[in-house]
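Trainee: I have just opened this model and would like to learn how its parts get their descriptions. Could you walk me through it?

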Amino acid sequence: MSTKLQGIRGMNDLLPDEAERWEAFEAIVRDWLKSYGYRPIRTPILEATKLFSRGVGEHTDIVEKEMYSFEDRLNGEQLTLRPEGTASCVRSVIEHNLIFQNPQRLYYSGPMFRHERPQKGRYRQFHQVGVEALGFAGPDIDAEHIVMCRRLWDDLGLEDVELQLNSLGDAEERARHRGELIAYLLRHETELDEDGKRRLHTNPLRVLDTKNPAMQGIVEAAPKLIDFLGKDSLNHFEAVQFLLREAAVPYRINPRLVRGLDYYNRTVFEWTTSRLGAQATFCAGGRYDGLIAQLGGKQAPACGFAMGMERIMLLWLEGQDSSVPLSAPDVYMVHQGEMAQPFAFRVGELLRSAGFSVLFHCGGGSFKSQMKRADASGAAYAVIVGDNEAAAGEVALKSLREEGEQQAVSPEALTELLVSRLYGESST
């Protein structure tokens with residue numbers, strides 16, 4: 001007997017019940033994005049490795065430790081399964097000159113890949129919905145992204161969520177802060193953990209994002225980036241906060257919020273919850289005004305965010321309004337007999353042409369066994385055809401959810417009868 005093959009750890013199957021819940025969530029998300037004027041973009045899951053090393057940052061955890069990268073043996077190209085969506089979206093916008101036609105409001109969804117230790121809400125293949133606004137310089141787009149997140153959480157009935165907000169300023173301001181921060185951390189180098197020492201010169205901002213309890217005192221006393229912001233950055237940050245207050249979106253300023261990717265500047269934000277254990281952040285983003293030029297385009301402002309679908313699904317399905325109705329056909333087609341099968345097949349197609357969903361029984365079996373399958377399918381009605389019905393050009397209609405006798409009708413009358421019973425109206 002051959003060995004049973006299994007899926008890769010941390011890359012999960014979505015079985016039909018769960019997949020239908022995902023589709024219900026994705027339908028809500030599409031309607032929500034459409035209501036704000038965002039349009040879809042789809043990019044490949046494979047990109048050149050240098051896209052992420054240049055865009056995300058050489059010294060980020062993603063590039064240093066987490067990417068699935070390999071050499072294409074056909075031509076020697078270095079390729080990577082996308083670990084995030086912003087760099088791919090920006091690459092596509094530059095390549096196809098979209099932003100120089102008009103500013104763009106775009107969204108994408110799909111799988112991302114990071115080589116991590118799998119745990120609840122954190123997988124090697126995970127899924128994100130990302131939103132990108134390119135060509136908008138003002139604080140209004142920053143605020144719009146945050147406000148639209150709040151609307152989605154309300155639509156999903158999510159509770160126990162918090163918005164954390166910060167500003168990373170501009171490049172010169174970050175450079176001044178970086179110098180002061182490195183000098184401060186050097187004075188405390190013996191107290192840093194190995195990760196902190198590794199990041200001290202390559203990515204010192206990420207030292208402030210440590211989860212090590214032993215380093216929290218050092219982090220709290222470190223120079224704050226917000227104290228280095230100039231007038232323009234402060235005005236931008238104040239304007240974002242003003243718009244959030246106008247929209248009645250509560251927030252907490254977290255001066256240690258830095259995000260894990262190098263491309264961010266000015267506004268950064270995270271939505272967190274206490275319901276996911278260590279994976280508290282389920283949506284995050286901010287402004288990245290330098291990335292388009294960094295990836296070879298002309299300088300243009302940009303802002304965006306991404307949400308982890310697995311984490312939001314966990315929050316959504318544990319809520320009070322988490323019951324997601326699974327799909328069921330309108331009609332289950334039961335048939336037995338040499339004449340019955342082709343006649344039932346034609347009736348099924350007639351019903352589908354009228355807009356009904358029809359599950360046609362396959363595989364034979366007695367009427368009794370087929371009716372059990374019909375009941376288990378969740379269908380509202382069974383349409384029953386035997387050789388006698390086929391010879392008479394009729395079918396029998398039986399409700400599977402209410403008491404009552406089955407009714408003999410012609411296929412043409414069946415359509416109108418089902419419209420009346422399922423939707424309470426006449427087909428005419």
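**Sheets, helices and how they pack**

Mentor: Let us begin with an open sheet of five strands, ordered 13-12-14-15-16, whose pairing is mixed. This is a predicted model, in which local features need pLDDT of at least 70, side-chain atom pairs count only at pLDDT 80 or more, and totals for chains, interfaces and linings use all residues. Residues are numbered from 1 along each chain as its sequence is written, and side-chain values use heavy atoms, with hydrogens and water left out.

Trainee: What makes strand 13 and strand 16 the edge strands?

Mentor: Two strands pair if DSSP finds at least two bridges between them. Strand 13 (358-360) and strand 16 (407-409) each pair on one side only. Strand 12 (residues 331-336) and strand 13 run parallel and are joined by three bridges. In one of these strands, strand 13, phenylalanine 360 is the bridge partner of methionine 333.

Trainee: Which helix packs on the sheet and touches strand 12, strand 14 and strand 15?

Mentor: Helix 14 (residues 367-376) does, touching strand 12, strand 14 (381-386) and strand 15 (395-399). Contact means heavy atoms within 4.5 Å. The direction of helix 14 makes about 170° with that of strand 12. Helix 16 also packs on the sheet, touching strand 12, strand 14, strand 15 and strand 16.

Trainee: Why is helix 13 called oblique to helix 16?

Mentor: The axes of helix 13 (residues 340-353) and helix 16 (residues 411-423) cross at roughly 40° and come within 10 Å. That angle makes helix 13 oblique to helix 16. Under 35 degrees counts as roughly parallel, over 145 as roughly antiparallel, 65 to 115 as roughly perpendicular, and the rest as oblique. Angles run from 0 to 180 degrees between N-to-C directions, and axes are lines fitted to C-alpha atoms, for helices over the stretch in contact.

Trainee: Which residues meet in helix 13 and helix 16?

Mentor: Phe343, Val347, Leu350 and Leu351 in helix 13 meet Pro411, Glu412, Leu414, Thr415 and Leu418 in helix 16. Seven residues of this contact are nonpolar, one is polar and one is charged. Ala, Val, Leu, Ile, Met, Phe, Trp, Tyr, Cys and Pro count as nonpolar, Asp, Glu, Lys and Arg as charged, and the others, Gly among them, as polar.

Trainee: How do you know how helix 1 and helix 12 lie to each other?

Mentor: Helix 1 (residues 16-35) and helix 12 (residues 309-317) pack at about 100°, with their axes 11 Å apart. The two helices are therefore roughly perpendicular. Their contact divides into nine nonpolar, no polar and three charged residues.

Trainee: How many helices and strands does the protein chain have?

Mentor: The protein chain has 16 helices and 16 strands. Helices (H or I, at least four residues) and strands (E, at least two) are DSSP runs, numbered from the N terminus.

Trainee: What is the radius of gyration of the protein chain?

Mentor: The protein chain has 28 Å, whereas a compact globule of 428 residues would have a value near 22 Å. The radius is taken over C-alpha atoms, and the globule rule is 2.2 Å times the number of residues to the power 0.38.
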